[in-house]
Amino acid sequence: PAAARRREVINSGAAMAAPGHTPTRFHRVHGTNVLLDASRTRATRVESFANALCFSHEPLAPGQIFLVEIEEKELGWCGHLRVGLTAHDPQSLGTVPEYSLPDLVGLGDTWVFAITRSHNRVSVDGQEAPTPTPAPLWEPELRIEGVRIPRDKLVGRSRPGRYSHLLDELYRTNVLPPTALRSRIGVLYAPRPDGTADMHIVINGEDMGPSARGLPAARPLYAVVDVFASTKSVRVIQVEYGFPSLQTLCRLVIQKHIVHRLAIDGLDLPPLLKHYCQHE
């Protein structure tokens, strides 16, 4: 039934993950230096800089994004988070490889992208990829090759504080480095008419383009997250598919018309809605 459903979604072209899928979390199989919390939604590398491979607990649906937020950094290491997809069931791995690049990729049927402070946009056919004008972050959906992803959770927000409005502006304009704290990075695959799929990386609400092509869309594909080097800890962010809630739409409209979150205090709004707009 699962395979039939996957073919149905691909063939219909409705490449948006179906509403009601189970919450995303990390697989019980992971690298030896990884510590998962009780909910398996936070992964922390407890020592060294490697052996920190993590996987999604189940294969992704077509168009379903596996989204993480960088929660903790560690100075002194070169390199950053790595994300991608694999057709290997983590349960079938005798030993989890030490590195995603090159070890896991070397097993075949695995595609991994190394996130850097800049230059994450993928070139197309050897040409420099143009930098598109990003859609306003208050638009409810990000569209990628027919995939529609609710935009509300794709962009991180600073911790409430004295300078939080300045950081929020950096997120909105995508100026903050992708490897910084609170950046949100996701991976998904977008099916194509020929039965293959493209892997896309989304950084702070912006699609970086197809970082790998020709993936076997009919096979189960698991997300790969390598909590590598300077990235110390990441947290899974749940993305709710389907029509945006009235609460979400209200927040998007409010954020569109204010300078920064501190201005929300002066609005004539219910306290719960103010808190939702400021801190979530």
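How many helices and strands make up the secondary structure of the protein? There are five helices and 13 strands. Keep in mind as you look around that this is a predicted model.

Let's start with the whole protein. It has 280 residues, and 48% of them are buried. Among contacts with a separation of 6 or more, 70% join residues 24 or more positions apart. Here are some overall values in one place.

| Property of the protein | Value |
|---|---|
| Accessible surface | about 13700 Å² |
| Share of that surface belonging to carbon and sulfur atoms | 57% |
| Share of residues that are buried | 48% |
| Volume of the largest cavity | about 40 Å³ |

Now to one of the sheets. Strands of a sheet pair through backbone hydrogen bonds, either parallel or antiparallel. Here, four strands form an open sheet, in the order β3-β12-β5-β6, with antiparallel pairing. Strands β3 (53-55) and β6 (110-114) stand at the edges with a single partner strand each, so one side of each has no neighbour in the sheet. From one strand to the next, the twist averages 20°.

Which residues line the largest cavity? They are Thr24, Ser56, His57, Glu58, Pro59, Leu60, Gln64 and Phe66.

Methods. Residues are numbered from 1 along each chain as its sequence is written. This is a predicted model: local features need pLDDT of at least 70, side-chain atom pairs count only at pLDDT 80 or more; totals for chains, interfaces and linings use all residues. Side-chain values use heavy atoms; hydrogens and water are left out. Two strands pair if DSSP finds at least two bridges between them. Helices (H or I, at least four residues) and strands (E, at least two) are DSSP runs, numbered from the N terminus. Axes are lines fitted to C-alpha atoms, for helices over the stretch in contact, and angles run from 0 to 180 degrees between N-to-C directions. Buried means under 20% relative accessible area, exposed over 50%, partly exposed in between (1.4 Å probe, protein chains only). Contact means heavy atoms within 4.5 Å. Accessible areas come from the Shrake-Rupley method with a 1.4 Å probe; for residues, only the protein chains shown count as cover. On a 1 Å grid over the protein atoms alone, a cavity is a set of points where a 1.4 Å probe fits but cannot get out, and a pocket is an open set with protein on both sides within 12 Å along at least five of seven lines; lining residues have an atom within 4 Å of a point. Grid points are joined across faces, edges and corners, and a volume is the space filled by probe spheres set on the points.
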